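The structure is shown first.

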Amino acid sequence: MNTDVTKFDDKIYQIDVHMEGKPQRMSCYYIDTSDPILIEVGPSNSFPYLISALESLGIQDIKRTAITHLHLDHVGGIGHLNEKYKENFVYVHELGLKHLPNPERLWKAVSDVYTEEWLKKNWGEIKPISLENIKSLNDGADLKLDSNRTLKALYSPGHAKHHYTFYDEHSGTLFMGDTLGLIYPHGDFVQPNLPPPDFNKETLFQTLDSFENLEINQLAIAHFGVHKKPHQLISEAKESIDNWIMFINNIEHLSDDEASAELVQWLTKNYESLDIDNETIKNYIGNGNFVMQINGIRNYLSKN
Ligand SMILES: [Zn+2]
């Protein structure tokens, strides 16, 4: 087991895939039951980290992968994975049937936000996979893990309309993708992640509220890692999202760039007033794309 792997349940491993070459930015998960499954692959450039972590666990073959949503930091490396493990089936929202065999639109959607040059350098080029290797998910679908354990797929729109979360009742783990937001090292608080074109507050809150009935011991999020006190984190996330929307609504006269600068300044001040140390603040602020957050919130506000 290499240092990028953390075991947090008798059968579940968290894998740090060093997104953008940095530790603790993107986690994938591997459930090592009799019918094992990988959750998320990360971007293309993270693929060598993913493989070396899996091999350090003695895993020589991947047969099933579940993807929370079609953003390239989660699914970008899938073509590399399927090139290596030809029988791998990918469980994903039905839009994956259209986009994963022809990923040009996914690529364009992200390169319009980040630029193509940035995307190639930081997340890497993507490869298509064949239609036969894709299985579309339904809300409530049970993926068998062993004879008395399943992973339930829960349709979870709000961050993206093609988002699923995965619930392992046995360990009380909810694999959240990006539904909660971001929690970076040394912080135990959530920073919202509300990108265009799909972010919708009411939809996202409905999704988050639907988790209240589940028995959850821990949230396994993509950016980054496993966190206890799930219900507290969910209610804090909702409060932060409300605050962000209010703040951005109040600066509607500013350009996106100006509003982004204001948001960063306001957030930094908030974090400082909570006595959060400078390194943690730097991590949260430095790793955020705040113009994208402004775009996501403004796009939502324009429709309401
Ligand atoms: Zn993400």
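## Backbone geometry

H186 is located in the loop between β11 and α7, where helices (H or I, at least four residues) and strands (E, at least two) are DSSP runs numbered from the N terminus. The model is a predicted one, in which local features need pLDDT of at least 70, side-chain atom pairs count only at pLDDT 80 or more, and totals for chains, interfaces and linings use all residues. Residues are numbered from 1 along each chain as its sequence is written, and side-chain values use heavy atoms, with hydrogens and water left out.

Although H186 is not a glycine, its phi is positive, at about 70°. H186 counts as exposed, at 63% relative accessibility; buried means under 20% relative accessible area, exposed over 50%, and partly exposed in between (1.4 Å probe, protein chains only). K229, also a residue other than glycine, has a positive phi near 55°. This lysine is placed in the loop between β13 and α8 and is exposed, with a relative accessible area of 56%.

Cis peptide bonds are also present. One joins P196 and P197, with omega of about -5°, and P197 belongs to the loop between β11 and α7. Another runs from H223 to F224, with omega near 15°; F224 is found in the loop between β12 and β13 (225-227).

## Zinc site

The zinc ion has as protein donors D73 (OD), H74 (NE2), D178 (OD) and H223 (NE2), at 2.1 to 2.2 Å. Donors are N, O and S atoms within 2.8 Å of the metal (3.2 Å for Na, K and Ca), and water is not among the atoms, so sites may look incomplete. Along the chain, the donors follow the spacing D-H-x103-D-x44-H. D73 lies in helix α2 (residues 72-75) and D178 in the loop between β11 and α7 (201-210), so this pair ties together parts that are 105 residues apart in sequence.

The arrangement is irregular because the 4 donor atoms subtend angles of 85 to 156° around the zinc ion. Four donors count as tetrahedral if all angles lie between 85 and 135 degrees; four count as square planar and six as octahedral if opposite donors are over 155 degrees apart and all others between 65 and 115; anything else is irregular. D73 is buried, with a relative accessible area of 7%, and D178 is buried, at 2%.

The largest pocket holds about 910 Å³ of space. Its lining comprises 40 residues, of which H71, V110, P195, P196 and M292 are the closest to its centre. On a 1 Å grid over the protein atoms alone, a pocket is an open set of points with protein on both sides within 12 Å along at least five of seven lines, a cavity is a set where a 1.4 Å probe fits but cannot get out, and lining residues have an atom within 4 Å of a point. Grid points are joined across faces, edges and corners, and a volume is the space filled by probe spheres set on the points. At least two lining residues of the largest pocket come from each of α2, α4 (95-99), α5 (104-114) and α11 (290-302), and α5 gives the most, with 6 residues. By class, this lining has 20 nonpolar, 12 polar and 8 charged residues; Ala, Val, Leu, Ile, Met, Phe, Trp, Tyr, Cys and Pro count as nonpolar, Asp, Glu, Lys and Arg as charged, and the others, Gly among them, as polar.

The second largest pocket contains about 510 Å³. Of the 20 residues that line this pocket, F189, V190, E236, S240 and L274 are the closest to its centre. Helix α8 contributes the largest share of the lining, 7 residues, and the lining divides into 10 nonpolar, 5 polar and 5 charged residues.

## Cavities

The whole structure has 2 cavities of 30 Å³ or more. The largest cavity has about 40 Å³ of space, and among the residues that line it are L72, V75, L100 and K127. Its lining divides into 7 nonpolar, 1 polar and 1 charged residue.

The second largest cavity has a volume of about 30 Å³. Two or more of its lining residues come from each of β3 (27-31), β11 (173-177) and β12 (218-221), with the largest share, 3 residues, from β11.
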